[in-house]
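Visitor: Please show me the model, and then I will ask about a few of its details.

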Amino acid sequence: AAAWPRAVAGAAAVGLSAMFCFQPLPWMDRDKAIAISLNNLGAIYMDMGDTARAMATYEEAVRLKPEGVVGAIRILGDWRRRSGDYAGAESYMKQVVALKPDSRMGWNALASLYQERAAAGEAVATDDLVGALLSAGRADEASAAAAAAAAEGRPVSAALRARLGQG
């Protein structure tokens with residue numbers, strides 16, 4: 001007889017849980033929830049060593065709700081950079097800083113990508129490199145890059161000179 005109240009309470013809890021889980025709620029963002037689940041699945045695939053499946057899963061998460069899985073965008077950018085696809089990496093990394101403009105980690109990744117591209121002999125816009133370095137909190141490197149570019153006849157914009165304290 002004493003078990004009855006527990007059984008009823010348990011059944012009620014299961015019933016309420018089912019209603020909550022399967023009932024679309026106006027405040028619930030279904031795409032974001034799915035994107036986060038896909039992001040988590042991508043991490044599992046990475047842990048298993050299945051990079052191709054992980055990247056495809058991260059890409060699907062980003063397609064659904066990029067603002068909900070900024071970390072997945074960053075992972076895709078890093079993967080593209082490591083694969084030598086600098087244009088693809090830049091696209092993803094720019095998405096990261098567009099969604100999280102105060103992310104020093106995102107800006108640092110973008111600045112490092114620009115430096116890697118320049119070291120590989122690719123043309124990198126001076127303003128892009130200097131702006132990313134400044135936003136990453138790497139002011140000394142930004143000043144050095146601006147000075148080197150100016151010496152080569154490629155001065156930075158007035159806005160960046162102002163951020164550097166030079167104008």
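Visitor: With which side chain does the side chain of E90 make a polar contact?
Guide: This is a predicted model, in which local features need pLDDT of at least 70, side-chain atom pairs count only at pLDDT 80 or more, and totals for chains, interfaces and linings use all residues. Residues are numbered from 1 along each chain as its sequence is written, and side-chain values use heavy atoms, with hydrogens and water left out. A polar contact is a pair of N or O atoms within 3.5 Å, where within protein one must be able to donate a hydrogen and the other to accept it, and residues adjacent in sequence count only if both atoms are side-chain atoms. At 2.9 Å, the partner of E90 is the side chain of Y114.

Visitor: Is E90 buried or exposed?
Guide: Buried means under 20% relative accessible area, exposed over 50%, and partly exposed in between (1.4 Å probe, protein chains only). E90 has a relative accessibility of 14%, so E90 counts as buried.

Visitor: Which helix holds E90?
Guide: Helices are DSSP runs (H or I, at least four residues) and strands likewise (E, at least two), numbered from the N terminus. The protein has 9 helices and 0 strands. The one that spans residues 86–99 and includes E90 is α5.

Visitor: Against which helices do the buried residues of α7 pack?
Guide: In α7 (residues 126–135), 7 of the 10 residues are buried, among them L129, V130 and L133. These buried residues of α7 pack against α6 (104–119), α8 (139–151) and α9 (158–163).

Note on methods: Contact = heavy atoms within 4.5 Å.
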